[in-house]
Amino acid sequence: MFERIVIQQHDPFETERPIDVGALVEAMLFYGSVHLVADASAIKQLLRVWGPDGLLELVSSGYLNIVYRDNFAAIFTGKNGLGREHHDVVVGAITREQGGRSVAAAEEVIPKTFIEATGRPGRGRRLARRFIDRIEVEQIDTALPQRARADLLDQPFSEAAARSLLRHYAPTYPRAEFARFKVLPIVGDHVVVDTDIDFVAANAEYHQRIPPSHSSLSPAHFLSHLVNAREVTEYACMLDAELVTDTLHGSILSLRVNQLLNRAKHSRQVVDHFQGFSIDGARAIREAVNSGERGIDDILRLLERARRFRHWLEKLPPDADLASQYHRDSVADTWADKLPTKLTRWSLFTGVGAGLDALWGGGGTVAGIALSVVDTFFLDKLIRGWKPNQFVEGTVAPFVRRSI
């Protein structure tokens, strides 16, 4: 308890006072290790409040660990040939070339802030050097954009987050809780936003408090909040630390976690219902494995045969009724859908049996033996193409009832 805590700038879009200094002191009092994720604006604020010597003493004494990022995650917005905006999550480097070598932002920006705070170039540079030696200068993982993009494309989450942002920045915006904000993938790693939010109207209210020179509301501005939330969460998880952020980003993080937990709970219910519907057992697969009746060889065969089934599941809409979709994709729009299930199966196998008898000149015994070694749904594949019931009834059902 009270071991480690990560504090993100309480308002990463505020340039003058991004840090709640009082909350930071409280954290240093109660926690054994305090990590502040800061940029140049945060360093400037702390220098104004505590002065160069005071800030350096806090860092040197181990009361405060400052993490300074030499690159940044952001939303890059471009336009296609038709003038439609598309967005990308990018990690940008804050470096410049000096004397044939790449100089990190910390080496350039921090000395300037200390010189400004002391009013003396020589002393400012010396204190800045000591400060840089005692803080963590880190790079954001260049794979972050891929993970952040997955957050953006999670439509229930990104739309709920956008509505929360709209209510926060433009409290009187009408019917914000019903605003449409759908993030859709296009070619490459680009995304586009389909929204009915009137950003002109939203900015009219927003700019009453925040000047246009600071920022304006836009789809990219909303997306950047989601990227920022992903970044700070990953850092806190890496340190196994508690996380403190501003109220707005806290609500986004809560949305994300709750949405993932609720989705997992719903998926578990759907899986149980589907197994009960399709193979007469809500936890049939789990019980077959946990009982020891099915070993690794059985499991590997099951998973290998499940490839097309998983692909079918991935293509379903998030709100699809799995049982209804299964029935529809298995037998709907075919002549078999017009027959009772047992009659369909009886008709198919009687037809195959008659054909085998005629071919081999034998009786029903020959046909029965032949059918026992034929894939149960061979005819389905010929008549209809692959259907999900071929896997469920032909592979999963035997897995839970007898050896495959």
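Ser33 is buried in this predicted model, since its relative accessible area comes to 17%, which falls under the 20% limit for that class. The residue has its place in strand β2, which covers residues 33-38. Its side chain makes a polar contact of 2.9 Å with the side chain of His35, and, once the neighbours within four places in sequence are left aside, Ser33 is in contact with Glu3, Arg4, Ile5 and Asn65.

Let me turn to the helices. Two packed helices are described by the angle between their axes and the distance between the axes, and I will take two pairs in those terms.

For the pair formed by α2, residues 40-60, and α3, residues 105-118, the axes come within 10 Å and cross at roughly 30°. Because that angle is under 35 degrees, the two helices count as roughly parallel to each other, and the crossing in which α2 passes α3 is right-handed. On the α2 side the contact is made by Ala40, Ile43, Lys44, Leu47 and Pro52, and on the α3 side by Val109, Thr113, Phe114, Ala117 and Thr118. Sorted by class, this contact has seven nonpolar residues, two polar ones and one charged.

The other pair is α5, residues 144-153, with α8, residues 219-239, whose axes come within 9 Å and cross at roughly 125°. That angle makes α5 oblique to α8, and here again I give the hand of the crossing, which is right-handed. The residues that meet are Leu144, Arg147, Ala148, Asp151 and Leu152 in α5, and Leu223, Leu226, Val227, Arg230, Glu231 and Glu234 in α8. By class, the contact of α5 with α8 has six nonpolar and five charged residues, with no polar ones.

Finally, some backbone angles. Most residues other than glycine have a negative phi, so which residues here have a positive value without being glycine? One of them is Arg175, with a positive phi of about 55°, and another is Asp240, whose phi is near 55°. Arg175 lies in the loop between α6, residues 155-169, and β9, residues 181-185, while Asp240 lies in the loop between α8 and β11, the latter being residues 242-244.

Are these two residues buried or exposed? Arg175 is exposed, because its relative accessible area of 57% is over the 50% limit, and Asp240, at 59% relative accessibility, counts as exposed as well.

Conventions: Residues numbered from 1 in each chain as written. Predicted model: local features only at pLDDT ≥ 70, side-chain atom pairs only at ≥ 80, totals over all residues. Heavy atoms only, no water. Helix = DSSP H or I, 4+ residues; strand = E, 2+ residues; numbered from the N terminus. Buried < 20%, exposed > 50% of the residue type's maximum accessible area, 1.4 Å probe, protein only. Polar contact = N/O pair within 3.5 Å; in protein donor to acceptor, adjacent residues only side chain to side chain. Contact = heavy atoms within 4.5 Å. Axes fitted to C-alpha atoms, helices over the stretch in contact; angles between N-to-C directions. Parallel < 35°, antiparallel > 145°, perpendicular 65-115°, else oblique. Left-handed = near helix turned anticlockwise from the far one by under 90°. Nonpolar A, V, L, I, M, F, W, Y, C, P; charged D, E, K, R; others polar.
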